[in-house]
Amino acid sequence: MAPIKAYQPPKQVILLPQTQQLKACTTIIRDKNTQRADFIFYSDRIIRILVEEGLNHLPVVEKAVITPTGKEFHGIDFQGRICGVSIMRAGESMEQGLRDVCRSVRIGKILIQRDEETALPKLYYAKFPPDIASRYCLLLDPMLATGGSAIKAIETLIDYGVAEERILFLNLISCPEGIAAVVAKFPAMKIVTAEIDAGLDEKLYINPGLGDFGCRYFGTDK
Ligand code: URA
């Protein structure tokens with residue numbers, strides 16, 4: 001099954017350019033026969049592209065520099081500080097990709113799990129830099145499925161004072177259900193995604209998806 005074509009994502013969604021390189025990488029990580037070393041390697045390649053694209057949506061200011069030829073060059077400078085926030089455990093796989101691009105970046109963590117009694121996503125742990133409210137947040141989770149964990153994570157960031165429009169949610173594979181749920185609650189934030197799949201299956205896995213990202217990346221059982 002190919003990723004969905006007719007679906008028009010809402011304007012809050014930034015879909016990575018669908019290049020052949022990206023398609024080849026996602027094909028490898030979707031293949032159930034791909035060994036873990038390759039799964040990690042090609043996921044990391046995609047994560048790097050996602051991070052670079054996410055950073056393109058942060059504000060910049062004009063900046064002029066003098067080059068070694070003595071001439072002025074009119075360029076830009078990054079404006080504002082950032083913070084990564086990974087949704088444990090799968091989101092932790094995206095931390096190194098962020099560090100590779102943003103040296104010494106602060107990284108917060110959120111642990112959300114389904115409450116056995118209510119079946120709703122429940123916050124178990126959150127740790128952020130103290131000044132998170134003044135930072136742009138790159139929220140990291142490789143799979144946007146139902147959107148339940150993402151919504152809880154975004155609510156938590158907002159509780160800590162982060163403005164919705166300062167949150168960028170980065171994921172490798174998303175689906176219309178998860179996108180709709182997140183965008184309906186938080187219309188001012190942006191989602192950066194590598195591919196949008198057809199939907200969810202009866203077990204709430206993304207279809208065709210790639211299975212359990214965290215287990216494949218970290219080499220564990222479900
Ligand atoms: N999380 C995963 O790892 N895979 C899915 O398909 C959905 C959520």
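The points below cover the ligand site, the aromatic pairs and some backbone features of this predicted model.

1. Site and shell. The ligand sits in the largest pocket. Around the ligand are Met-143, Ala-145, Tyr-205, Ile-206, Gly-211, Asp-212 and Phe-213. Sorted by class, this shell has five nonpolar residues, one polar residue and one charged residue.

2. At Ile-206, a polar backbone atom is 2.8 Å from an oxygen atom of the ligand. At Gly-211, a backbone N or O atom lies 2.7 Å from a nitrogen atom of the ligand. At Phe-213, the distance from a backbone N or O atom to a ligand oxygen atom is 2.8 Å. As for burial, the ligand taken alone exposes 240 Å², and the protein buries 81% of that.

3. Aromatic pairs. The model has a count of five aromatic pairs. In one of them, the rings of Phe-213 and Tyr-217 have centres 5.7 Å apart and planes at 20 degrees, so the pair is stacked; the cut-off for stacking is planes under 30 degrees apart. Both residues belong to helix H6 (residues 213-218), where they are four residues apart, about one turn of the helix.

4. Cis peptide bonds. The bond from Met-88 to Arg-89 is cis, with omega near 5 degrees. Arg-89 is in the loop that runs between strand E4 (82-88) and helix H3 (95-101). Another cis peptide bond joins Asn-207 and Pro-208, and its omega is about 5 degrees. Pro-208 is in the loop between strand E12 (206-207) and H6.

5. Positive phi. Ser-104 is not a glycine, yet its phi is positive, at about 60 degrees. Where does Ser-104 lie? Its place is the loop between H3 and strand E5 (106-114).

Key: Residues are numbered from 1 along each chain as its sequence is written. This is a predicted model: local features need pLDDT of at least 70, side-chain atom pairs count only at pLDDT 80 or more; totals for chains, interfaces and linings use all residues. Side-chain values use heavy atoms; hydrogens and water are left out. A residue is near a molecule or strand if one of its heavy atoms lies within 4 Å of it. A polar contact is a pair of N or O atoms within 3.5 Å; within protein, one must be able to donate a hydrogen and the other to accept it, and residues adjacent in sequence count only if both atoms are side-chain atoms. Accessible areas come from the Shrake-Rupley method with a 1.4 Å probe; for residues, only the protein chains shown count as cover. On a 1 Å grid over the protein atoms alone, a cavity is a set of points where a 1.4 Å probe fits but cannot get out, and a pocket is an open set with protein on both sides within 12 Å along at least five of seven lines; lining residues have an atom within 4 Å of a point. A molecule sits in a cavity or pocket if more than half of its atoms lie within 2 Å of its grid points. Ala, Val, Leu, Ile, Met, Phe, Trp, Tyr, Cys and Pro count as nonpolar, Asp, Glu, Lys and Arg as charged, and the others, Gly among them, as polar. Rings of Phe, Tyr and Trp (its six-membered ring) pair if their centres lie within 6.5 Å; planes under 30 degrees apart count as stacked, over 60 as edge-to-face and the rest as tilted. Helices (H or I, at least four residues) and strands (E, at least two) are DSSP runs, numbered from the N terminus.
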